[in-house]
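Biologist: I'd like to learn how to read a model like this one. Could we go through it feature by feature?

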Amino acid sequence: MKRLVSMWGLCWALTSVGARAEESAAVPPEVITLPQALELLSKDSPWMAAEKARVDVAQTERIAAGLLPNPSFNYGGQRLLHGANTGSSMSHQFTVEQPLLLFGQRGVRRELAERSVAAEKARVTASLAERELAVREAFAALLSSQEALRLLEETSVDLGRVEKVVKGRAAAGDSSRYDVERIEVEGRTLEVEVLNARASVDDAAGRLAALLGRPGWSPRAAGTLGATGALPELSRLWEASARHRPSLVAARQRQSVAQGGLAVAKRERMPVPSLEAGAVVTRREDSTIGYLGLSLPMPLFDRNQGAIARASAEVDAETRALDAEVAEARAELTCAHAVLAGRHRALATLERDVVERLPTLRRMAEDAYREGRGSILELLDAFRSLKDLRLQHLEQREAVQQAEAAVLFASGLETLPQTP
C-alpha cells in the first residue's frame, strides 16, 4: 500500500512539473525582439491557427475530387395480369449501373483541387504579410515609446540637477525666488510628461500583444530605431516584388484556379456512359437470363455551355484583377521607396546638422546661467528646445523604420540589405 501511495505521489509530481514546464513554455518572453515577435505571429498566434484551419478546409476538396461516382441498384418486376401465359407469369429484373468517367474528369477535378489548396495557402501568406506589417509598425511604435520615456526620464534627472543649482544660488542670494518657483513648475510639468510617456508605452505594448493574440501580456521591445539596411534601387525591388510579393502570388493563384475551373467545365461537357449488368429471374417456368447494357447520354442540347461561359468569364475577371494588382503593387512600391529615401535624407541631415550640437548647446546654456549671463527663462527655454530636438530625432528614426516596413511589405522581402 505504501509503495502504491509513493508511486502515485511520484506520478503526480512528474505531471505537475510537466504541466508547469508546458505553461512556462507557452508564456511569451517579457522582453522581445522583432524576429521573435514575427515568429510568434507566424507559428504560435490564435490568428495563424485559424488561418491554418481554413487551409485544412480547402484540402478536403482533394477527397471529393478523387472519388468515383456511386453505382446504382435497380429492380423491376413483371406479373401476368390477363391473357395467355407465353412463358412465365412472373419475372424479376435486378441490375447494377456504374457511371464510367472515361474522359479524364477525375484528373482535371484533382488538378483543380490542388490549385484551390495552393490558392488558399497563398491567401494565408498574403494575409500574414499584412499582419506582419502591422506587427512591424506596432513594434517600432513600442520602441519609440520606450525611448521617449527614457529620454524624458533623463531630462527630468538633468532638470533636477539644475534645480539644485538654482536653489543653491537662491540660498546664497545670487538669484530670486522666482527662479526657484519657475524651475519647480517646470519640473512638475516634466513629471506629467513622464507619466504620459509611461501610459504611451503601456498602450503600445497592448497593441502589439493584441496583434499577437496575447491578452494580459505587456511586452518590452528590444532593439534600436532607425534604418536596419541599405535601400536598394527601385528596379531591383520591383523584380523581387513581381516574384515574391504575397498579394501578387495570391492573385496568380486565383487566376490559376479560374483556369482550372474552365478546364473542368470543358471536360464536364463530355458524356458519362453507364455500364449496366444484371439478371432476369422468372417464376413458374424457372429461368435466369443474364443482362448487360450500356447507356450513353446524347449531348444534343446541353453541352455545359453555361458552366463553360461562366468559367471563361471568371478567368477574364481574375486576369484583370491580376493586372490591377500588379499596377497597384508597382505604384505602392514606388511611393514607399520614395518615402523611405526621403526619410533617410531627413534623418541624415538632422543628425549631421542638429543632433551633434545638442551636448554643446546644453553645456553652454548651463554655463551661462551659472555665470549670471543668462536668465532662468533662457535656461528653461534651452532645456525645452533640447528636449524637443531629441524627441524630434526619435520621431525621425521611428519614421525611417516605419517607412522601411512599408518597403518590405511592398517588395515582398523579409529584410533589406545590411547597411555597410
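Biologist: Let's start with one side chain: is Lys43 buried or exposed?

Modeller: Buried means under 20% relative accessible area, exposed means over 50%, and partly exposed is in between, with a 1.4 Å probe and protein chains only. Lys43 has a relative accessible area of 61%, so Lys43 is exposed. Before we go on, this is a predicted model: local features need pLDDT of at least 70, side-chain atom pairs count only at pLDDT 80 or more, and totals for chains, interfaces and linings use all residues. Residues are numbered from 1 along each chain as its sequence is written, and side-chain values use heavy atoms, with hydrogens and water left out.

Biologist: Fine. Which residue does Lys43 meet in a salt bridge?

Modeller: In general, side chains of opposite charge can pair when their charged atoms come close. The rule here is a side-chain nitrogen of Lys or Arg within 4 Å of a carboxyl oxygen of Asp or Glu. The partner of Lys43 is Glu39, at 3.6 Å from N to O. Both sit in helix α2, 4 residues apart, about one turn of the helix. Glu39 is partly exposed, at 42% relative accessibility.

Biologist: What counts as a helix, and how many helices and strands are there?

Modeller: They are DSSP runs numbered from the N terminus: H or I over at least four residues for helices, E over at least two for strands. The protein has 11 helices and 6 strands.

Biologist: How many salt bridges are there by that rule?

Modeller: The count is 23. Take Glu154 and Arg150, which pair at 2.3 Å, N to O. They are both in helix α5, again 4 residues apart. Glu154, at 31% relative accessibility, is partly exposed, and so is Arg150, at 35%. These two also belong to a network of salt bridges with Glu147 and Arg390.

Biologist: Which pair links distant parts of the chain?

Modeller: Look at Asp202 and Arg220, whose side chains meet at 3.4 Å, N to O. Asp202 is in helix α6 and Arg220 is in strand β4 (residues 220-221), 18 residues apart. Asp202 is partly exposed at 45% relative accessible area, as is Arg220 at 27%.

Biologist: What does Leu208 touch?

Modeller: Contact means heavy atoms within 4.5 Å. Leaving out residues up to four places away in sequence, Leu208 touches Val135, Ala138, Phe139, Leu142 and Pro219.

Biologist: What share of the contacts joins residues 24 or more positions apart?

Modeller: Such pairs account for 80% of the contacts with a separation of 6 or more. Buried residues make up 35% of the 420 residues.
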